[in-house]
Amino acid sequence: MSPKSPLHLTFLLFDGFSNMVLASAIEPLRAARDLSGQRLFSWQVCSLDGEAVQSSSRLQISVDLPLERVGATDALVLVSGYGMRNHLPRDAAQTVLRKARGLPLICGLDTGAWLLARMGLLAGRRATIHWMEREALAEGFPEIMVVPDPYVADGNIVTCGGAQSVLSWSLDMIGTEAGEALRFDVANMFGRVMGRSTDPVEWQLPSRMTDAALPAALRRAITAMRETAEQPLPLPRIAEHAALSARSMDRLFHVHLGMSSGSYYRQIRLSHARALALETELTLGEIASRTGFSSSSTLARAYRNAFGETIRRSVAH
């Protein structure tokens with residue numbers, strides 16, 4: 001059954017947000033309106049000061065209004081990516097809390113859960129975040145039960161991981177607000193499977209661009225690598241997590257991903273090193289230690305070989 005009035009969402013953008021995350025939230029809602037011919041959803045985009053926001057790909061996105069001018073809304077959706085540790089000084093946090101008070105729905109997309117945690121809104125709740133920040137969220141906010149689900153709804157608060165997780169949430173919101181038939185039609189437009197998006201097997205996009213198309217054993221290996229990026233394990237231990245021999249695991253990586261298991265693991269660790277350099281004040285030596293490199297010079301050399309520039313130069317860009 002269609003809602004009597006549109007569900008109105010306010011998206012609060014922070015510098016460093018992902019364009020893909022924002023599109024994964026809004027485009028399904030737009031498609032639901034187009035396919036149904038009804039104004040099921042409406043939305044506006046704001047920033048703390050009303051100024052344009054720069055995405056992670058350095059696109060300048062204009063907004064509709066500053067947060068202070070936001071009036072009646074059904075949902076406040078915080079969209080952040082890189083830099084979330086520096087996004088909310090005390091006065092800004094108070095403004096967000098004031099606007100969020102009493103709302104039916106408060107959301108944190110991508111790394112938005114970090115901002116909700118900073119404001120105390122996740123204490124005693126289950127929550128999720130982009131997988132690269134999952135361990136840091138659990139360590140920084142032990143009062144939160146951090147889980148690896150694509151998205152988590154706990155009371156009136158929803159937290160999502162990356163773009164695929166946000167797409168899952170958006171599609172399920174369409175199903176809740178307007179029925180499963182429309183959810184299915186919109187899902188087909190975005191290449192989704194029919195099952196509910198929170199299903200642990202079916203929530204991902206069934207394409208070569210996602211883990212879902214890979215053999216289960218290879219997915220287990222990749223998950224183990226991601227979860228141990230800060231404390232890398234020897235490859236035979238990763239193979240044990242995947243219920244494979246080291247040789248069989250390496251063969252799967254070559255066949256399906258075109259590289260050795262060691263190279264893929266190193267790629268994950270280097271990406272995590274970049275995130276630590278960008279998001280923390282850790283020294284290069286500390287980052288090397290936390291990503292399994294024997295020294296800062298070893299990390300620097302590996303990074304330069306992989307990306308063609310120094311890790312600090314990448315962050316400066």
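This is a predicted model: local features need pLDDT of at least 70, side-chain atom pairs count only at pLDDT 80 or more; totals for chains, interfaces and linings use all residues.
Me: Where is Ser47 found?

Reply: Ser47 is in strand β2.

Me: Which backbone atoms lie 2.9 Å from a polar atom of its side chain?

Reply: There are two to look at. The backbone nitrogen of Gly50 lies 2.9 Å from a polar atom of the Ser47 side chain. The backbone oxygen of Glu51 also lies 2.9 Å from a polar atom of that side chain.

Me: And what is Ser47 in contact with, leaving aside neighbours within four places in sequence?

Reply: Leaving those neighbours aside, Ser47 contacts Leu12, Leu13, Val53, Val63, Leu65, Pro66 and Leu67.

Me: New topic. Which residues touch the most other members in the largest nonpolar core?

Reply: That core has 37 residues. Leu9, Phe11, Phe41, Val77, Leu109 and Trp169 touch the most other members.

Me: Which helices and strands each supply at least two residues of this core?

Reply: The strands are β1 (7-13), β2 (41-47), β6 (75-80), β7 (105-110) and β11 (157-160). The helices are α1 (19-36), α5 (163-178) and α6 (180-189).

Me: Which one gives the most?

Reply: Helix α5 gives the most to this core, with eight residues.

Me: Zoom in on Phe11. What is in contact with it, leaving aside neighbours within four places in sequence?

Reply: Quite a list. Phe11 is in contact with Leu22, Ala25, Ile26, Trp43, Gln44, Val45, Cys46, Val77, Val79 and Leu109, once those neighbours are set aside.

Me: On to rings. How many aromatic pairs are there?

Reply: The count comes to two aromatic pairs.

Me: Take Trp114 and Phe141. Why is that pair edge-to-face?

Reply: The ring planes are at 85°, and planes over 60 degrees apart count as edge-to-face, so this pair is edge-to-face. The ring centres are 5.3 Å apart.

Me: Where do the two sit in the chain?

Reply: The pair links distant parts of the chain, 27 residues apart. Trp114 is in helix α3 (residues 112-118). Phe141 is in the loop between α4 (134-140) and β9 (145-146).

Me: Are Trp114 and Phe141 buried or exposed?

Reply: Trp114 and Phe141 are both buried.

Me: What about Phe253 and Tyr264?

Reply: Their pair is tilted. The centres are 5.4 Å apart, with 45° between the planes.

Me: And which helices hold them?

Reply: Phe253 is in helix α9 (residues 246-257), and Tyr264 is in helix α10 (residues 261-279). The two are eleven residues apart. Phe253 is buried, and so is Tyr264.

Me: Which ring does the charged end of Arg269 sit over?

Reply: The charged end of Arg269 sits over the ring of Phe293, 4.3 Å from its centre. Arg274 has a ring partner too. Its charged end sits over the ring of Tyr82, 5.8 Å from the centre.

Me: How many salt bridges does the structure hold?

Reply: The structure holds eight salt bridges. One of them joins Arg30 and Glu27, with the closest N and O atoms 2.7 Å apart.

Me: How far apart are Arg30 and Glu27 in helix α1?

Reply: They are three residues apart, so about one helical turn separates them. Arg30 is partly exposed, with a relative accessible area of 27%. Glu27 is partly exposed as well, at 31%.

Me: Which residues are linked in a network of salt bridges?

Reply: Glu27, Arg30 and Asp34 are linked that way.

Me: What does Arg98 form a salt bridge with?

Reply: Arg98 pairs with Glu68, and the closest N and O atoms are 3.0 Å apart. This pair links distant parts of the chain, 30 residues apart. Arg98 is in helix α2 (residues 90-100), and Glu68 is in the loop between β5 (65-66) and β6.

Me: Last one. What does the Arg126 and Asp149 pair tie together?

Reply: Arg126 forms a salt bridge with Asp149, with the closest N and O atoms 3.0 Å apart. Arg126 lies in strand β8 (residues 126-127) and Asp149 in the loop between β9 and β10 (151-154), so the pair ties together parts that are 23 residues apart in sequence. Arg126 counts as partly exposed at 32% relative accessibility. Asp149 does too, at 30%.

Terms used:
Residues are numbered from 1 along each chain as its sequence is written. Side-chain values use heavy atoms; hydrogens and water are left out. A nonpolar core is a set of buried Ala, Val, Leu, Ile, Met, Phe, Trp, Tyr and Cys residues joined through side-chain atoms within 4.5 Å. Buried means under 20% relative accessible area, exposed over 50%, partly exposed in between (1.4 Å probe, protein chains only). Helices (H or I, at least four residues) and strands (E, at least two) are DSSP runs, numbered from the N terminus. Contact means heavy atoms within 4.5 Å. Rings of Phe, Tyr and Trp (its six-membered ring) pair if their centres lie within 6.5 Å; planes under 30 degrees apart count as stacked, over 60 as edge-to-face and the rest as tilted. A charge sits over a ring if NZ of Lys or CZ of Arg is within 6 Å of the ring centre and within 35 degrees of the ring normal. A salt bridge is a side-chain nitrogen of Lys or Arg within 4 Å of a carboxyl oxygen of Asp or Glu. A polar contact is a pair of N or O atoms within 3.5 Å; within protein, one must be able to donate a hydrogen and the other to accept it, and residues adjacent in sequence count only if both atoms are side-chain atoms.
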